[in-house]
Amino acid sequence: MSDFNWCHGPSCHTKQTVDRVRGVKGSKVLRTRKIKTSNWNRGNWYNYFCGNHCYDEYVNKHIDQVIAIAPRTECLETPIHDPKKETHRHEYSWGVNEWTNTKIEVDESRQS
Ligand SMILES: [Zn+2]
């Protein structure tokens, strides 16, 4: 297994940055970036893309095939306890601040 990948961004080689310039005088090119495999990027998309832009371009170009790998044909659900409204009150020198938030907790006993 090689210790690097070429960036999979479909237009990585067209981005006009100095680090992509390769070749000898008179026949210079812009080349796809090379990504060194490290403990930091092993097993995630950073090992295959030089950045968000290339990642987005690849996914947008191949979205139908990407979704076909693991299509979501029905919704998923996480069981929760009945949400509880909690009212908070804090007194400041300038007055009283009151706010309400809703506490949502996962019901571990119904988790599959
Ligand atoms: Zn790239």
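This is a predicted model: local features need pLDDT of at least 70, side-chain atom pairs count only at pLDDT 80 or more; totals for chains, interfaces and linings use all residues.

The secondary structure comprises two helices and six strands. Followed from the N terminus, the elements come in the order β-β-β-β-α-α-β-β. The radius of gyration of the chain is 25 Å, well over the 13 Å given by the globule rule for 112 residues, so the chain is more spread out than a compact globule. Along the principal axes, the C-alpha atoms fill a box of roughly 75 × 45 × 30 Å. If the chain is coloured by accessibility, buried residues account for 14% of the 112 residues. Of the contacts between residues at least 6 apart in sequence, 45% join residues at least 24 apart.

**The zinc site**

Which residues supply them? They are Cys7, Cys12, Cys50 and Cys54, each through its SG atom, at 2.2 to 2.4 Å from the zinc ion. The angles among the four donor atoms are 104 to 116°, and the site is tetrahedral. For comparison, the ideal angle for four tetrahedral donors is 109.5 degrees. In the sequence panel, the donor residues follow the spacing C-x4-C-x37-C-x3-C. Cys12 belongs to the loop between strand 1 (4-6) and strand 2 (21-22), whereas Cys54 belongs to helix 1 (residues 52-61), so this pair ties together parts that are 42 residues apart in sequence. Are these two cysteines buried or exposed? Both Cys12 and Cys54 are buried.

**Salt bridges that link separate parts of the chain**

Now show the charged side chains. The count of salt bridges comes to seven. Select Glu57 and Lys15, whose side chains meet in a salt bridge with an N to O distance of 3.4 Å. Glu57 lies in helix 1 and Lys15 in the loop between strand 1 and strand 2, so this pair also ties together parts 42 residues apart in sequence. Glu57 is partly exposed, at 23% relative accessibility.

Move to Asp19 and Arg33, where the salt bridge has an N to O distance of 2.7 Å. This pair links distant parts of the chain, 14 residues apart: Asp19 is in the loop between strand 1 and strand 2, and Arg33 is in the loop between strand 3 (29-30) and strand 4 (34-36). Asp19 is partly exposed, with a relative accessible area of 38%. Arg33 is likewise partly exposed, at 25% relative accessibility.

Finally, select residues 84-92, which form strand 5, together with residues 95-103, which form strand 6. How do these two strands run, parallel or antiparallel? Strand 5 and strand 6 run antiparallel and are joined by nine bridges. The two strands form a hairpin, with two residues between them.

Terms used:
Residues are numbered from 1 along each chain as its sequence is written. Side-chain values use heavy atoms; hydrogens and water are left out. Donors are N, O and S atoms within 2.8 Å of the metal (3.2 Å for Na, K and Ca); water is not among the atoms, so sites may look incomplete. Four donors count as tetrahedral if all angles lie between 85 and 135 degrees; four count as square planar and six as octahedral if opposite donors are over 155 degrees apart and all others between 65 and 115; anything else is irregular. Helices (H or I, at least four residues) and strands (E, at least two) are DSSP runs, numbered from the N terminus. Buried means under 20% relative accessible area, exposed over 50%, partly exposed in between (1.4 Å probe, protein chains only). Two strands pair if DSSP finds at least two bridges between them. A salt bridge is a side-chain nitrogen of Lys or Arg within 4 Å of a carboxyl oxygen of Asp or Glu. The radius of gyration is taken over C-alpha atoms; the globule rule is 2.2 Å times the number of residues to the power 0.38. Contact means heavy atoms within 4.5 Å.
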